[in-house]
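Please examine the structure before reading the solutions.

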Amino acid sequence: MTSWQEYLDKEGHPPVWPYPVNYEKEQEIETDVLVLGGGIAGCWAAISAARKGVKVALVEKSATIRSGAGGPGVDHWNDCCNNPLSKVNPDEWAQRLANNSGGYTCGGVAREVQCRENYDALIELENMGGKVRDTEDKYKGAEGRDDKTKFMISPRYNYNHETNTVIRVWGSTFKAALRKEALRLGVKIYDRVMATGLLNEGGVQGARVVGAMGVNNRTGEFMIFKSKATILCMAGPGSIWVFNTELAGITTFRSRAMSGDGQVMAYKAGAELTMMEKTGTLNLGTGFKHNWYGGAGDASYENVRIVDANGKALPVPYEGWGSNLGQMARGGAPGKPPWEVVRDGVLKGEYALPFYGDFPSMPKVESDVTWGLMIGEEAICRIIVDTYNASGFDPRRDQLQNYQLIEGRSMPQWRSIDGAGARGGILIDDWNMRTSLEGLYATGDQLPASGDHNLAATTGRYSGRKAADYVKQIAQGKIDKAQIAAEKARVYDPIKKNEGMDWKELHAGVARTMQYFCSEYKTESLLKMGLDSLNEIAENYVPRLFALDPHKLMCSLESLSTLEYSRMIIEASLARKASSKFLTFDRIDYPQQDPPEWNKFLTLKLENNKVKIGERPLGFWGNMKENYEKYNQDYTGVYKGK
Amino acid sequence: MAKKIFAVPNVATPSRPVIFTDKCKGCNLCVEVCPVDVYIPHPEKGKAPIILHPEECWYCGCCVGACNIEGAIKFNWPLQQRGYWKNKATGEVKRV
């Protein structure tokens, strides 16, 4: 018996909610450092703060053991400039990363920290029990494997071994190791608690952050966390423009539960956000999922050649050693993106569908590495590989069907902010990784244009130690009872009704508004109509939201985050009166791309609940090397304590 | 006696991300690992969990990965997600 309808059939009634329900009941917790979000960034932040001897509480909406985009696994440890095989200078590499995309990136602080410290983090991870080397010599003879260190260097960004910055890792071992270490260090973990709002000192928007509130999504209990410092480590939203659970998930990297709650609560608390106008198009895949891993064409497939139905090689890039056909760095025909060349070829009959990843053409060890290690360890792919294997797929014999051309790109109105780099986030204009609010830090997915596992790890690790230093100098702030009462009223409103509008309909309604009014095609009047539409939803439909149990209450609150996040995107889109190639931002009424006077970050924040737009120049983080060194004179490298 | 027919809404699609077999001892480890609470524990101790929110499944597979009993829980891909492959030598096409 495995489904509720089978239960009903046998028992004659549906199952009773299995957890005690304690709506409105309050639990108060006091801590030094409060970490919101227990994914990769959150676990690292908690560990790093706890190592400094302060009290740490970690709040996780799911279950820390596997939660977050990197919870199930990861196969690449990118931008690892200090690894012994690296051929790049960390400061130069960081500078290059910070200057990518016209300078609209997660910024100099995050990139410098990442490039300086992520090898240290990797070694610490290994010391905690994460697997980062081929210690059993399983892949001996594979290109990029170093026999001395047993590190497996990836061909990613690595034509002819000219960089060696990416290490292949066994990331499915990471999350359990991190959680174990956090618990060992005395971090108090609160699983199944959705953080819903921040507490400002005295309840004043823009004042120091002195804690957070949340609700347990199994029991409905209200949680109040008082803290000296709070670190936001939650996920960005995964489904602003397209929402459909019926198609089995939304994207490869983001579960339905990832709804941008962190950025939304920071905004409401008065923090500055930036690049909120940036979007991309949604990467679709088979059944909306596994766009890369089940169908070839990603970095994890880095050295698999893609062929057509007759075995003819496609002119699309793959990242083979020395092939100069890097999936991300190089390749393609001059003047045309490679997949457009393929599309033209298909229409002319030059290439026959379907396409395949040609595993049998690879040397055995390379195919083993790609199938077993790279795909097997990446994100949620272990179960995909296991399923294919159990069904009889054999990479020595079989070619894996590729769906990239058919499903790879969505319609332009099906936009996304889930892809790495394709979204805004919380502004960090501070070398301690503090936000614009005192007491509030932000890392990982909370940063604009982030989305990489090791960036989350290293920024989490950095902010944890900085927040720990801060809390040693300051007392607890004063929380405001009225702010708590207002949040309780907001949070529990949906459970006071048993009919009206369910969370899915609300979410889908918001998504449709975004498709209509904030798509590839943007004008002042369309965007204003979009804002009116969202405001109308807030006014007329949000009060009708109903939730039948604590889980659906959480989903309802997530839909409210989606609504607020959408408003932020439209406000930011209205503010930028120019198009931008780098922000994937097209204004029909301001068609000029990246005119010099608009080459700047726009910032967004609430002041007395009114939207306030500000700006920062490109490169506002200053000299990265000098600043990093100035602010980290006490940094001691790999953790050596107990 | 005729089987009792209940009046219930359509089931969510997809409705069954995993299949529990008789080997499941109802330890609920999968319930605790699942990041999106697809499951709830069965009210009767020792029985396989109940799939309550199947359409929220992220297909991360962590429940299957966490299970300590070989064959107690099996992943069940929705039809539209079942990928194909081809035997390079014979051209034979198969599907998960």
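The exercises below treat aromatic pairs, an aromatic cluster and charges over rings in this predicted model.

**Exercise 1.** Classify the aromatic pair of Phe222(A) and Tyr492(A), and state which elements it ties together.

*Solution.* In one of them, Phe222(A) and Tyr492(A) are 6.1 Å apart, centre to centre, with 50° between the planes. Planes under 30 degrees apart count as stacked and those over 60 as edge-to-face, so this angle makes the pair tilted. Phe222(A) belongs to strand S9 of chain A and Tyr492(A) to helix H12 of chain A, so the pair ties together parts 270 residues apart in sequence. Phe222(A) has 0% relative accessibility and therefore counts as buried. Tyr492(A), with a relative accessible area of 0%, is buried.

**Exercise 2.** Classify the pair of Phe20(B) and Tyr39(B), and state where its members lie.

*Solution.* The ring centres are 5.7 Å apart and the planes stand at 65°, so the pair of Phe20(B) and Tyr39(B) is edge-to-face. Phe20(B) lies in strand S1 of chain B and Tyr39(B) in strand S2 of chain B, so parts 19 residues apart in sequence are tied together. Both Phe20(B) and Tyr39(B) are buried.

**Exercise 3.** Which residues form one aromatic cluster with Trp85(B), and which lysines lie over the face of Trp170(A) and of Trp598(A)?

*Solution.* Trp85(B) forms one aromatic cluster with Phe359(A), Trp371(A), Tyr388(A) and Phe393(A). Over the face of Trp170(A) lies Lys131(A), 4.5 Å from the ring centre. Over the face of Trp598(A) lies Lys600(A), at 4.8 Å from the ring centre.

Terms used. Residues numbered from 1 in each chain as written. Chains lettered and ligands numbered in written order. Predicted model: local features only at pLDDT ≥ 70, side-chain atom pairs only at ≥ 80, totals over all residues. Heavy atoms only, no water. Phe/Tyr/Trp six-rings, centres within 6.5 Å; stacked < 30°, edge-to-face > 60°. Helix = DSSP H or I, 4+ residues; strand = E, 2+ residues; numbered from the N terminus. Buried < 20%, exposed > 50% of the residue type's maximum accessible area, 1.4 Å probe, protein only. Lys NZ or Arg CZ within 6 Å of the ring centre and 35° of its normal.
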